[in-house]
Amino acid sequence: METATSDEQMVERALTGDPEAFGQIVQRWERRIFALAFGMLGREEDARDATQETFLAAFRNLRGFRGEARVSSWLHRIAVNQCITRQRRAKVRSETGLEDEAEKNAAVFALPAEVSPARTAEHQERSVAVRRAVGALPPDLRQVVVMKEFEELTFQEISDVLDLPLSTVKSRLYTALRQLQLRLHKFGDAKM
Amino acid sequence: MRNMNERPVCHRAEDLVTYLYGEANKAEARDFASHMQRCDACRAEFTVFHQVHDSIVAWRNEALGSVLVSEPIKSSVAQTVSHSTPFVQPERKLSALAALRQFFTVSPLWLRGATAFAGFLLCALMGLAISRFWQTPVEVAKNGNEPQFNQSDFDRKVQKRVDEELARQRKVAEENVPTPELAGTPNTRKNGNQLASTAVRSNSQPRNRLNKQEREQLAADLGLIPGREDETPFVFPDEPQQ
């Protein structure tokens, strides 16, 4: 609650023309927004772009923030929309592909990130499997999983961001977890 | 591991995820814990879901830990914030264009074609409407070649014809004064002189202006007013005999 009040005070100061105020908002939330974007898009470069576009959109539409929701929920909503728009653009550009969309997304998510030499092969393999499984989820389920696992938002916060009933959020997460377990089992995760 | 789809599903799925992520209050947690002791399905799913959750957390920590989120994003966003004039009205135009651009980017090919065709059709209809609006109206057909007069034109016309007629009469009278047939007898000559002098006198003296009725009559006689040819023509009182 104290953070939320501080965020609202920052927004008010930003509306009066204080450029430092919005910078503090960016500093406070950029990691969380990046984590959300990375979880949804699966690629660091795309996540960076989406995060930047999220804060730029928030800055341009600062007057449109009516204070009905928390600043964090508002930022998350913008970030989710940015990620969805990026995914649609990517889908339009690659319309000629015959492969299953879920597999395409899984392939994107499976692109290896920078690998530390200290990591074991098994650890790397499991990460790749989890990335592919999350990427293969339908967008509506992936949103909930990313917000819960990456952002560590509460069910109520996810409900506010996505404008969904609380029970819908929980049921979607339950369905996502079932599908993840199935895919991890299908990808041969030995420990599952 | 047994296939997930073969495992029975309990009706308390939502309570399971609430308990799994630690958002249940004490009473709810205690209740679900006791339920799990009796329900094999929930107990099995809780175990599996916990492993999935741990795997995702491990991936998240690894992915976010290897990616530094600091200067590149902050500096670019901060630059944009500092260089842009906040809340300037032209932003509204940019967002509308950006929204339109985004619409065409994400819309399928058939929708773009349909939009372009609709725009072309609209422009064609507007051009047709504008061309019809600027066309000069067709003139109303007039009744023959008859001139249209107002009252002053009418009076002027009548007066002109009267003057012409008087001039003609004067000329005729002057010509009739020294005629051979009439020159033979003094009386005839005298009568002719009288007539001529009368005619000259009458023509030289200014006539009284015709009243309205007399003008209309004269105009009908002279053919200025159509449809009144059958009326009795007006006769000058001093018309010389020929």
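Predicted model: local features only at pLDDT ≥ 70, side-chain atom pairs only at ≥ 80, totals over all residues.

Me: Is A:Arg86 buried or exposed?

Reply: The general idea is that a residue counts as buried under 20% relative accessible area and as exposed over 50%, with partly exposed in between. A:Arg86 counts as buried because its relative accessibility is 19%. A:Asp49, with a relative accessible area of 29%, is partly exposed.

Me: Which residues of chain B form a salt bridge that links distant parts of the chain?

Reply: The side chains of B:Arg215 and B:Asp155 meet in a salt bridge, at 3.5 Å from N to O. B:Arg215 lies in helix α10 (residues 212–221) of chain B and B:Asp155 in helix α7 (residues 151–176) of chain B, 60 residues apart. At 14% relative accessibility B:Arg215 counts as buried, whereas B:Asp155 is partly exposed, with a relative accessible area of 23%.

Me: Where do B:Glu165 and B:Arg168 lie?

Reply: Both B:Glu165 and B:Arg168 lie in helix α7 of chain B, three residues apart, which is about one turn of the helix. The closest N and O atoms of their salt bridge are 2.5 Å apart. B:Glu165 is buried, with a relative accessible area of 18%, and B:Arg168 counts as partly exposed at 42%.

Me: Which residues are joined into one network by salt bridges that share partners?

Reply: Shared partners join A:Arg43, A:Asp46, A:Asp49, A:Glu53 and A:Arg86 into one network of salt bridges. Over all chains, a search of the whole structure finds 19 salt bridges.

Me: Let us turn to the rings. How many aromatic pairs are found over all chains?

Reply: A search of the whole structure finds nine aromatic pairs. One of them is formed by A:Tyr174 and B:Phe49, with 5.5 Å centre to centre and 80° between the planes. The general idea is that planes over 60 degrees apart count as edge-to-face, and this pair is therefore edge-to-face. The pair crosses between chains, from A:Tyr174 in helix α9 (residues 166–186) of chain A to B:Phe49 in helix α3 (residues 40–66) of chain B. A:Tyr174 is buried at 7% relative accessible area, and B:Phe49 counts as buried at 0%.

Me: Which residues form one aromatic cluster, and which residues lie over the face of A:Phe155?

Reply: A:Phe34, A:Phe38, A:Phe150 and B:Trp59 form one aromatic cluster. A:Lys148 lies over the face of A:Phe155, at 4.3 Å from the ring centre, and A:Lys170 lies over the face of that ring at 5.7 Å.

Me: Which residues make a nonpolar surface patch?

Reply: B:Phe117, B:Phe120, B:Leu121 and B:Leu125 make a nonpolar surface patch of about 460 Å². B:Leu125 lies in helix α6 (residues 109–134) of chain B and counts as exposed at 54% relative accessibility.

Me: What does the secondary structure of chain B come to?

Reply: Chain B comes to 10 helices and zero strands. Buried residues make up 23% of its 242 residues. The accessible surface of chain B is about 17,300 Å², of which 56% belongs to carbon and sulfur atoms.

Methods. Residues numbered from 1 in each chain as written. Chains lettered and ligands numbered in written order. Heavy atoms only, no water. Phe/Tyr/Trp six-rings, centres within 6.5 Å; stacked < 30°, edge-to-face > 60°. Helix = DSSP H or I, 4+ residues; strand = E, 2+ residues; numbered from the N terminus. Buried < 20%, exposed > 50% of the residue type's maximum accessible area, 1.4 Å probe, protein only. Lys NZ or Arg CZ within 6 Å of the ring centre and 35° of its normal. Patch = residues over 30% accessible without salt bridge, like charges linked within 9 Å, V, L, I, M, F, W, Y side chains within 5 Å. Areas by Shrake-Rupley, 256 points an atom, 1.4 Å probe, with all protein chains shown as cover. Salt bridge = Lys/Arg side-chain N within 4 Å of Asp/Glu carboxyl O.
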